[in-house]
Amino acid sequence: MSCITFFKHVAASTLAFLFLLALPAQAQWQRLPFQTMGTQAYVELWAEDDKLGKDLLLAVQHEFERINQLMSPYIDSSELSLLNRDAASRPVTISNELYQLLQQAEQLAKLSDGAFDISFASVGFSYDYRQHIKPSAAELEAQRSLINYRHIQLLADNQVKFSLPGLKIDLGGIAKGYAVEQAIGLLATAGIKHALVTAGGDTRLLGDKRGRPWQVAIKHPRKEDGIVAQLPLTDSAISTSGDYERFFIEDGVRYHHILDPKSGQSPSGLMSVTVLGPDSTRTDAMSTTLFVMGLKRGIAFIEQQSEFEAIFISSEHQLYFTSGLAQ
Ligand code: ADP
Ligand code: MG
């Protein structure tokens, strides 16, 4: 090696070294899949600092668990269980957080004329999709009249009273989207600029994927691992409700986890509905709502909601888009 080339070599490696020093500690993508709320969740974020990134992945997982402890119907000590146990006999004081989510649920119940109704659980708790259990015709008839969000009274000072004995509530149609939105809020507050959080059918994107959009797939409702479309998205939320996640088939009838509050039974006109919007609390609840409304009423309804777009897949495998997506 001649003297000059040796010098060049040293200079180049010194430059490279200085360049490395100038970079923040291991900026990189970090990912964590985890189980929560009876479903698979996933967080992916771009962290300028390795340690901070790892801490935030765990903070997201804890946030889901915190919300689950508050809102799960399977946890006896949750505030939701407390309401279902006591709110028919006395006003129950709950956290401001749950109270506000109940207010959001009530807003959508009113707006959708009861298609979204968390008291669907008055019937819903009689189904067990894994065990293929459904209410008898007599049970269904009796419980159906207990579905009525107007009997969920949101009183002053975070107090809630059910004015109909036997009424039960469940937040399965909104809590997961809420948790996803909370997780993204936590990341944004910590200074993260690029992240994706998803749980079950609810996904929220923070920023873009560093220079390009995130790609979010819409599952094929009948082909395991198949996809129907892939959407490039940034800074927004997308939720899908389908008849294929929790269901059983008996005598040719598909019993699935979305119930029409009017009948207490699963609507059959659609296989899936995907909603795009600004936050995952609302896209989650909205996708369940549109599924209940069905194609015709659902499209007419969502076209009125300027912040949302939707993609419907009918039972005949036809795709329908709202006007904002048609191009
Ligand atoms: P997933 O929970 O698979 O993401 P959805 O977002 O569509 O699916 O929510 C379905 C859940 O919503 C059901 O499991 C149930 O807990 C709840 N739900 C079912 N029917 C209604 C309804 N009419 N109004 C409000 N919530 C509902
Ligand atoms: Mg939903």
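I take contact to mean heavy atoms within 4.5 Å. With that in hand, I looked at helix 8, residues 280-303. Helix 8 lies across strand 7 (202-206), strand 10 (237-242), strand 13, strand 14 and strand 15. Its direction is about 125° to strand 13. I keep in mind that this is a predicted model.

I find 8 strands in an open sheet, ordered 1-2-6-7-10-13-14-15. The pairing is antiparallel. Strand 1 and strand 15 (319-321) are the edges, and each pairs on one side only. From one strand to the next, the twist averages 10°.

I then picked out one pairing. Strand 13 (residues 270-277) runs antiparallel to strand 14 (residues 309-314), over 6 bridges. In strand 14, isoleucine 313 stands opposite serine 272.

**Entry: helix 2**

I checked the other helix on my list. Helix 2 lies across strand 1, strand 2 (39-47) and strand 6 (195-199). I note an angle of about 20° to strand 1.

**Entry: aromatic pairs**

I searched the whole structure for aromatic pairs and got 6. One of them joins tryptophan 29 and tryptophan 214, with centres 5.6 Å apart and planes at 75°, edge-to-face. Tryptophan 29 is in strand 1 (residues 28-36) and tryptophan 214 is in strand 8 (residues 214-219), so this pair ties together parts 185 residues apart in sequence.

Are these two tryptophans buried or exposed? Tryptophan 29 has 21% relative accessibility and counts as partly exposed, because buried requires under 20%. Tryptophan 214 is buried, at 2%.

I moved on to phenylalanine 34 and phenylalanine 64. Their ring centres are 5.5 Å apart and their planes meet at 70°, so I log the pair as edge-to-face. Phenylalanine 34 sits in strand 1 and phenylalanine 64 in helix 2 (residues 50-71), 30 residues apart. The pair therefore counts as a link between distant parts of the chain, and its edge-to-face label holds because the planes are over 60 degrees apart. Both phenylalanines are buried.

I also noted a cluster. Tyr127, Tyr129, Phe248 and Tyr255 form one aromatic cluster.

**Entry: charges over rings**

Which rings have an arginine over them? I found arginine 210 over the face of tryptophan 46, at 3.7 Å from the ring centre. I also found arginine 254, whose charged end sits over the ring of phenylalanine 247, 4.2 Å from its centre.

How values were computed. Residues numbered from 1 in each chain as written. Chains lettered and ligands numbered in written order. Predicted model: local features only at pLDDT ≥ 70, side-chain atom pairs only at ≥ 80, totals over all residues. Heavy atoms only, no water. Phe/Tyr/Trp six-rings, centres within 6.5 Å; stacked < 30°, edge-to-face > 60°. Helix = DSSP H or I, 4+ residues; strand = E, 2+ residues; numbered from the N terminus. Buried < 20%, exposed > 50% of the residue type's maximum accessible area, 1.4 Å probe, protein only. Lys NZ or Arg CZ within 6 Å of the ring centre and 35° of its normal. Pairing = 2+ DSSP bridges. Axes fitted to C-alpha atoms, helices over the stretch in contact; angles between N-to-C directions.
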